[in-house]
Amino acid sequence: MTEALMPTYARAPLAFERGEGAYLYATDGRRFVDFSAGIAVNALGHAHPHVVAALTQQAQKLWHVSNLFEIPEAKRLAERLCAHSFADRVFFCNSGTEAIEGVIKLARKYHHHNGRPERTRVITFTGAFHGRSWTALSAANNPKHLEGFGPVSGGFDQVAFGNLNELRAAITDETAAILVEPIQGEGGIRAASTDFLRGLRAVCDEFGLLLLFDEIQCGMGRTGKLFAYEWAGIAPDAMALAKGLGGGFPLGAFVASEAAAAGMTAGTHGSTYGGNPLGTTVGNAVLDVLLKEGFLEEVVRKAAYLRQRLEAMVARFPAILGEVRGQGLMLGLKCVVPNTEMAARLRDAGLLVVPAAENVVRILPPLVIEDAQIDEAIGLIERTCAGWAEAA
Ligand SMILES: *Cc1c(COP(=O)(O)O)cnc(C)c1O
């Protein structure tokens, strides 16, 4: 029989039965240290007791009612996200790509609302990834993802990531907004510099554009602050969230300042599932843990330790590993050897990582990772590199 699942993914020949914190247990009984965290989704690792309790309690009570009615759990999560960010308004959806659709619609509506309906174009950057919807693919303009799907949808102008001169030259009377990942994830863990992010803020202020951040991967505590933009000391006008927000439950959101969201009035946008009681209860439970006194400080401490140990691996195996990049627990190991081969060998050794562009493997441990588990993972990297060096 042919495979019933559409073969759009190059899956590793491996399935799991259960997870606990930073560990995954395969159906064949093997145990893995999970430094993939479901691609930065399982912020609290697997089966976190507080989140499991919240989910199971809510599951007995109410899952879904639709947005025809008030949803107190969603209201509470929105208020908490606003209290801990620049935002005043939150819209819940179910995935990252929908959150991206949301910020782009918001930007166009903002200008329309303010009497500049011609401002519809969004500037994006090389190496970007914003999801797989038509709009998100057109925004990122990655030829690999667009191949065979015909012409892109209009409305986007792309410039080099990090280049403010090129950016300024691309602004026209039709420009509505700038959309950027403060740290590119799929693009190979490429962090925008603080100067670049501040420059974007200044350009947006100068030209009356909205600054849209895609923090789908780098947000929700991944960098050691609740949101990556905090490190730059500036704030966007709107931001897309997903991945860590639901800790494994499909939950996305876009958040915005009151001014930026001014056009998003009743009837302008919607989602059937978005912000349902089950999903937002889980979101609140994840946030309970992220906001605990000292939790993010501990992420920063552990991240520094992990980074230092990875740097030591790079120094020891220069023919195999090139450099460590990224911030907090969103790290990339640029490989000299092919990254997909590295990921496969690490997997065979018992460590799960995620390949990205620029020959990088992403190191994305759950934020609850412990020092001893970091040591365990480093041991597996060391053994894998040593075996490789010997064979070469
Ligand atoms: C994962 C990701 C998306 C897309 O999210 P989906 O939930 O897969 O739609 C968009 N932007 C960034 C930066 C991401 O990492």
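Trainee: Which residues in α3 are buried?

Mentor: In helix α3, the buried residues are Ala74, Leu77, Ala78, Arg80, Leu81 and Cys82. Buried here means under 20% relative accessible area, exposed means over 50%, and partly exposed covers what lies in between, calculated with a 1.4 Å probe on protein chains only. Helices (H or I, at least four residues) and strands (E, at least two) are DSSP runs, numbered from the N terminus. This is a predicted model, in which local features need pLDDT of at least 70 and side-chain atom pairs count only at pLDDT 80 or more, while totals for chains, interfaces and linings use all residues. Residues are numbered from 1 along each chain as its sequence is written, and side-chain values use heavy atoms, with hydrogens and water left out.

Trainee: What do the buried residues of α3 pack against?

Mentor: They pack against strand β4 (89-93) and helix α9 (277-290), where a contact means heavy atoms within 4.5 Å.

Trainee: At what angle do α3 and α9 pack?

Mentor: The angle is about 35°, and the two axes are 8 Å apart. Axes are lines fitted to C-alpha atoms, for helices over the stretch in contact, and angles run from 0 to 180 degrees between N-to-C directions. From α3, Glu73, Ala74, Arg76, Leu77, Arg80 and Leu81 take part, and they meet residues of α9 including Pro277, Gly283 and Leu287.

Trainee: What should the 12 residues of α3 span?

Mentor: At 1.5 Å a residue, helix α3 (residues 72-83) should span 16 Å, and this agrees with its end C-alpha atoms, which are 16 Å apart. The expected span is 1.5 Å times one less than the number of residues in the helix.

Trainee: New topic, the sheet: what order do the 4 strands of the open sheet have?

Mentor: The order is β1-β2-β3-β15, with mixed pairing. At the edges are β1 (16-20) and β15 (351-352), each of which pairs on one side only. Two strands pair if DSSP finds at least two bridges between them.

Trainee: How many bridges join β1 to β2?

Mentor: There are 4 bridges between β1 and β2 (residues 23-26), and these strands run antiparallel. As part of this picture, Phe16 stands opposite Ala26 in β2. Helix α12 (residues 371-391) packs on the sheet, where it touches β2, β3 (31-34) and β15, and the direction of α12 makes about 105° with that of β3.

Trainee: How many salt bridges does a search of the whole structure find?

Mentor: The search finds 21, counting a side-chain nitrogen of Lys or Arg within 4 Å of a carboxyl oxygen of Asp or Glu. In general, side chains of opposite charge can pair when their charged atoms come close. One of the salt bridges is between Arg30 and Asp28, at 3.1 Å from N to O, and Arg30 is partly exposed at 39% relative accessible area.

Trainee: Where are Glu358 and Arg190, the pair that links distant parts of the chain?

Mentor: Glu358 is in the loop between β16 (354-356) and β17 (360-363), and Arg190 is in strand β9 (residues 190-191), 168 residues apart. Their side chains meet in a salt bridge of 3.7 Å, N to O. Glu358 is partly exposed because its relative accessible area is 35%, and Arg190 counts as partly exposed at 22%.

Trainee: And is Arg201 buried or exposed?

Mentor: Arg201 is buried, with a relative accessible area of 12%, and its salt-bridge partner Asp237, at 3.1 Å from N to O, counts as buried at 14%. Arg201 lies in helix α8 (residues 194-207) and Asp237 in the loop between β10 (210-214) and β11, so the pair ties together parts that are 36 residues apart in sequence.

Trainee: Last one: which residues does Leu106 touch?

Mentor: Leaving out residues up to four places away in sequence, Leu106 touches Leu210, Ala238, Phe254, Ala256, Ala260, Ala261 and Met264. Leu106 is placed in helix α4 (residues 96-113), and it is buried, with a relative accessible area of 2%. The C-alpha atoms of Leu106 and Ala260 are 7.4 Å apart, although the two residues are 154 residues apart along the chain.
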